[in-house]
Amino acid sequence: MKLEALIFDVDGTLADTERDGHRVAFNAAFEEAGLAWRWDVPLYGELLAVTGGKERMRHYAERHDPPFLARPDADECIRTLHAAKTRHYLALLEAGQIPLRPGIARLIDEARAAGLRLAIATTTTPENVTTLLRARLGPDATGWFEVIGAGDVVPRKKPAPDIYFWVLERLRLPARACLAIEDSANGLKAALAAGIPTLISPCAYAAGENFTGALAVRTDLASMDLPTVKLMHQINKSECYL
Ligand code: XBP
Ligand code: MG
């Protein structure tokens, strides 16, 4: 089937946002709230097994601070902490702390020039996506993406396929006419469960993960141009056996 659209993940794929972006912002929010939680680099790597910032905080509290969750206002505290974390994260983005991964801007340019449709499927908060696109690619960049599926628009975050189904429905395309670009095993599971052929470019944290089922795994997207991506999609093994 002809390739019609690229669907990009955000965190770890468009930019390596986790270690020096989200993690730093979570810690700033904890400190501001007078909370003793501190997420160092290795611990944050473990916590990334849970996608979604609010879900990640709850998961951490279940293991490391059960009394926090016993508070009657625990849900509200998590929402407040997450809003503060988002504020800190957006400030880091605006300050230019988080660059795009090599090859991403070129791939997006080539896809636009070739008339491919573009979309986003991510678990992160919508504002984080639009700010990253605007700050790194320019004021019009949000408009280049026909569909932006982000955050709480679906009940279950990756590795559930919900966000990909949400995006496919709005693109009005069959899964096989799309290519997902992801960085993690959770993202790969989500895209594959929605039936979308997936290219993996692992972020630093995801380097050792299992990427069985991916069309290809490339550490460096800069070595991948659009003709190669299209060819890869075309010779998608599972399609060859149809
Ligand atoms: C990204 C996430 C997000 C970010 C934090 O996963 O899991 O939760 O870490 O963003 P993916 P929020 O790349 O698979 O979409 O705090 O806004 O949730
Ligand atoms: Mg990701």
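Helices (H or I, at least four residues) and strands (E, at least two) are DSSP runs, numbered from the N terminus.

## Before you start

This is a predicted model, where local features need pLDDT of at least 70 and side-chain atom pairs count only at pLDDT 80 or more, while totals for chains, interfaces and linings use all residues. Residues are numbered from 1 along each chain as its sequence is written, chains are lettered from A and ligands numbered from 1 in the order in which they are written, and side-chain values use heavy atoms, with hydrogens and water left out.

## The magnesium site

Let's look at the metal. Asp 9 (OD), Asp 11 (O) and Asp 183 (OD) coordinate the magnesium ion (ligand 2) at 2.1 Å. Donors here are N, O and S atoms within 2.8 Å of the metal (3.2 Å for Na, K and Ca); water is not among the atoms, so sites may look incomplete.

Along the chain, the donors of the magnesium ion (ligand 2) are spaced as D-x1-D-x171-D. Asp 9 and Asp 183 link distant parts of the chain, 174 residues apart. Asp 9 sits in the loop between strand E1 (5-8) and helix H1 (18-32), and Asp 183 in the loop between strand E4 (178-182) and helix H10 (185-193). Both Asp 9 and Asp 183 are buried, where buried means under 20% relative accessible area, exposed over 50%, and partly exposed in between (1.4 Å probe, protein chains only).

## Where H1 meets H5

Now for a pair of helices. The axes of H1 and helix H5 (residues 74-94) come within 8 Å and cross at roughly 130 degrees. Axes are lines fitted to C-alpha atoms, for helices over the stretch in contact, with angles running from 0 to 180 degrees between N-to-C directions.

Residues of H1 that meet H5 include Val 24, Phe 26 and Phe 30, and those on the H5 side include Leu 81, Tyr 89 and Leu 92. Contact means heavy atoms within 4.5 Å.

## Gly 53 and His 82

Back to Gly 53: at 12% relative accessibility, Gly 53 counts as buried. Leaving aside neighbours within four places in sequence, Gly 53 touches Phe 26 and His 82.

With neighbours within four places in sequence left aside, His 82 is in contact with Gly 53, Lys 54, Met 57 and Thr 125.
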